[in-house]
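Let's take a friendly look at how charged side chains pair up in a protein. Have the sequence and the 3D view ready as you read.

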Number of protein chains: 2
Amino acid sequence: MDKRKMRHIPHKTIERLSQYRRALLICQATGKTHIFSHEIAKIQHITAVQVRRDIMLIGYTGTLRKGYNITELVNLIGIILDTDEVLNIAVIGIGNLGRAITKYFSGKRTKLKISASFDTNPDKIGKKYAGVDCFHINQLEKIIKEKNISIGIITVPSSETIEIKNKLVNSGIKGILNYTPKPVDVPDNVYLEEYDMTTSLEKVAFFVKMH
Amino acid sequence: MDKRKMRHIPHKTIERLSQYRRALLICQATGKTHIFSHEIAKIQHITAVQVRRDIMLIGYTGTLRKGYNITELVNLIGIILDTDEVLNIAVIGIGNLGRAITKYFSGKRTKLKISASFDTNPDKIGKKYAGVDCFHINQLEKIIKEKNISIGIITVPSSETIEIKNKLVNSGIKGILNYTPKPVDVPDNVYLEEYDMTTSLEKVAFFVKMH
DNA sequence: ATAACATTGTGAATTTTTTAACAAAATGCT
DNA sequence: AGCATTTTGTTAAAAAATTCACAATGTTAT
């Protein structure tokens with residue numbers, strides 16, 4: 001599948017493909033070799049048609065009455081989602097959340113690697129967290145260039161968000177994942193994703209309230 | 001606005017209302033009293049029409065050429081999103097992520113309160129994290145009933161997810177926010193929201209790859 | 001006072017996403 | 001072999017979400 005076709009894959013499908021892969025890897029570990037669309041659907045709480053359509057969109061074809069070959073499907077999702085070379089990632093702010101992410105991510109995906117972390121706390125600098133070196137934030141631009149880091153995950157206190165974002169943008173970062181409750185602005189050539197737990201929690205609260 | 005009307009508010013709008021409130025509170029703190037739809041839009045990286053439509057859906061009306069009264073709008077969003085009584089929340093698993101959430105959330109919303117946390121590590125039990133007591137997981141059902149907890153946030157290692165989910169469901173929990181990479185199944189009367197960082201990160205990676 | 005402008009609110013159009021419906025074909029049963 | 005069943009792949013329909021387009025109208029400038 002070439003880039004031209006990939007551009008037409010809906011955003012939602014991209015998210016689901018990531019989720020499918022996660023589920024497929026779990027299933028694969030149990031020794032299963034094939035899986036039906038309705039099995040994937042059940043795991044993800046969506047419909048089987050949705051799964052089949054997503055898989056259709058990436059041009060994979062299952063076997064009638066046998067379902068999808070898990071290994072092949074995982075590989076194809078890898079071709080869509082993963083980069084050829086390893087993509088280096090930096091975590092900025094190695095507090096509880098930064099450490100959770102660093103730890104959680106170590107060794108999880110072969111093509112995504114947390115290659116550095118940053119903080120201002122002198123006690124943390126020079127240490128390793130889940131095998132990842134922690135540098136002082138004033139080294140940010142230097143290290144990002146040296147280590148060819150293309151994605152930054154911001155987990156600093158929200159008062160620092162803007163400053164860190166600016167530093168990241170100045171270092172030529174390609175993508176930012178902002179876990180801070182402070183929304184930021186980035187130039188067009190930087191891809192931005194923001195997530196705030198409060199929103200998820202308030203959403204749950206709303207639907208709980210509505211029964 | 002009554003519950004009947006609230007039911008027709010789209011899910012996406014609910015999420016954005018939460019985000020608007022966050023942004024509005026920040027603006028309010030700077031002394032601003034009014035805000036234009038395009039200002040909110042800018043902060044949230046969406047269009048002004050979208051903002052106006054969302055606000056229209058909740059039945060609020062701005063002033064021509066003055067924009068929306070921030071205090072009034074914040075209050076109205078509160079009427080939509082918040083419960084009348086405080087909603088009690090439990091965090092299960094007080095590792096890095098659990099602590100990050102507990103700390104981040106303390107005192108953030110008056111109607112949402114983290115009232116208990118749980119773990120199995122004996123060193124943690126009996127301690128307080130950001131002012132929240134930590135109990136042993138085998139106390140889960142008891143404490144949830146005692147403290148009238150309606151939402152559970154799961155931040156345990158994914159091998160424990162299912163067990164914790166079952167305990168939560170058995171305790172009569174109303175909503176679950178699962179931060180574990182292991183998808184779970186819940187009965188219809190429990191509202192479930194799942195979030196996995198890997199998906200966000202892979203999405204950023206994909207769009208970085210696509211330029 | 002008048003014109004130019006800015007901004008809301010909303011019906012209609014468009015786009016995106018999801019679901020329904022069903023033909024095609026492999027498998028197993030009798 | 002023939003029939004019922006299962007499951008994929010896909011076209012078409014429906015639903016959900018977003019954007020366009022513009023009337024209404026208050027504000028500012030001249």
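Predicted model: local features only at pLDDT ≥ 70, side-chain atom pairs only at ≥ 80, totals over all residues.

Residues are numbered from 1 along each chain as its sequence is written, chains are lettered from A and ligands numbered from 1 in the order in which they are written, and side-chain values use heavy atoms, with hydrogens and water left out.

Side chains of opposite charge can pair when their charged atoms come close. A salt bridge here is a side-chain nitrogen of Lys or Arg within 4 Å of a carboxyl oxygen of Asp or Glu. How many are there over all chains? The structure holds 26 salt bridges, including these:

| Salt bridge | N to O distance |
|---|---|
| E39(A) and K32(A) | 2.9 Å |
| D119(A) and K124(A) | 3.9 Å |
| E39(B) and K32(B) | 2.9 Å |

Salt bridges can also link up: through shared partners, R21(A), D82(A), R109(A) and E202(B) are joined into one network.

Now for exposure. Buried means under 20% relative accessible area, exposed means over 50%, and partly exposed lies in between (1.4 Å probe, protein chains only). Are D119(A) and K124(A) buried or exposed? Both D119(A) and K124(A) are buried. In chain A, E39(A) is partly exposed, with a relative accessible area of 26%, and K32(A) is partly exposed at 31%. In chain B, E39(B) is partly exposed at 25% relative accessibility, and K32(B) is partly exposed at 31%.
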